[in-house]
Amino acid sequence: DAYVGLSRSELSGWIASVIVPATVLDDPFQHSLLVLSVGGLLAIVLSLSGAVLLTRRFSRDLRSMTAAAADMARGSEPILGTSSISEVQWLGESLAVSGSLLRQRDADERRAHAELQEAIRARDEFLSLASHELKTPLTSLALHAKILESTLEGGGTASAQAAQRFLEQTNKQTSRLSRLVNDMLD
């Protein structure tokens, strides 16, 4: 096998030819093609190996962060490792801050709930006491008014001394009721 090149001279009409064996031209090309193919294949294998190693490392760090997030969701302290991947390290630090904020919020909620329960208890106690204290003078006033009404309806007349006692009791209970209302408003 050979490659042949021909050329005819216009001046003399002679034909010049060059014959080169095919191996002289094809062997260097095939050698270059083989080197490029092996080099390309080696580059692909190295790239895939690097990708697998980086993916495993990244995946391991992400699983660690996922476990830390799950710990945080259960209310426990997340266990965070260090990572050479800056984004994953930043994620871990963010999880730690989030966990701290969640624990602080839970503590604040528990404290607010306890304060609310105490306020409800104090309100109920106050309403019970105020109700009792306000009803006492009102009951006394209503009783005296009923006695006076019964006396007047029965055709009787109240003595000046009885009327005086009734007015004193009424003034005393009215003053007490006024004092209680003012204390409550204060």
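This note goes through the pocket, a surface patch and some salt bridges of a predicted model.

1. Basis. Residue numbers start from 1 along each chain as its sequence is written, and side-chain values use heavy atoms, with hydrogens and water left out. The model is predicted, with local features needing pLDDT of at least 70 and side-chain atom pairs counting only at pLDDT 80 or more, while totals for chains, interfaces and linings use all residues.

2. Largest pocket. Its volume is about 210 Å³. A pocket here is an open set of points on a 1 Å grid over the protein atoms alone where a 1.4 Å probe fits, with protein on both sides within 12 Å along at least five of seven lines; lining residues have an atom within 4 Å of a point. The volume is the space filled by probe spheres set on the points. Eleven residues line the largest pocket, and His144, Ile147, Ala162, Arg165 and Phe166 are the closest to its centre.

3. Origin of the lining. Helices α2 (86-153) and α3 (160-185) each supply at least two residues of it, with the largest share, six residues, coming from α3. Helices are DSSP runs (H or I, at least four residues), numbered from the N terminus.

4. Nonpolar patch. Phe126, Leu127, Val181, Met184 and Leu185 make a nonpolar surface patch of about 470 Å². Patch residues have over 30% relative accessible area and no salt bridge, and nonpolar side chains (Val, Leu, Ile, Met, Phe, Trp, Tyr) are joined within 5 Å. Areas come from the Shrake-Rupley method with a 1.4 Å probe. The largest share of the patch, three residues, comes from α3. Leu127 lies in α2 and counts as partly exposed because its relative accessibility is 46%; partly exposed is the range between buried (under 20%) and exposed (over 50%).

5. Salt bridges. The whole structure has seven, each a side-chain nitrogen of Lys or Arg within 4 Å of a carboxyl oxygen of Asp or Glu. Among them, Asp108 and Arg111 meet at 2.4 Å, N to O; they are three residues apart in α2, so about one helical turn separates them. Arg121 and Glu118 have their closest N and O atoms 2.5 Å apart, and this pair is also three residues apart in α2. Salt bridges that share partners join Arg105, Asp106 and Glu109 into one network. Within it, Arg105 and Glu109 pair at 3.5 Å, N to O, four residues apart in α2.

6. Ser178. This residue is found in α3 and is partly exposed at 37% relative accessibility. Ser178 and Pro137 are 41 residues apart in sequence and 9.9 Å apart in space, C-alpha to C-alpha.

Key:
Patches are made of residues with over 30% relative accessible area and no salt bridge: like charges are joined within 9 Å, nonpolar side chains (Val, Leu, Ile, Met, Phe, Trp, Tyr) within 5 Å. Buried means under 20% relative accessible area, exposed over 50%, partly exposed in between (1.4 Å probe, protein chains only).
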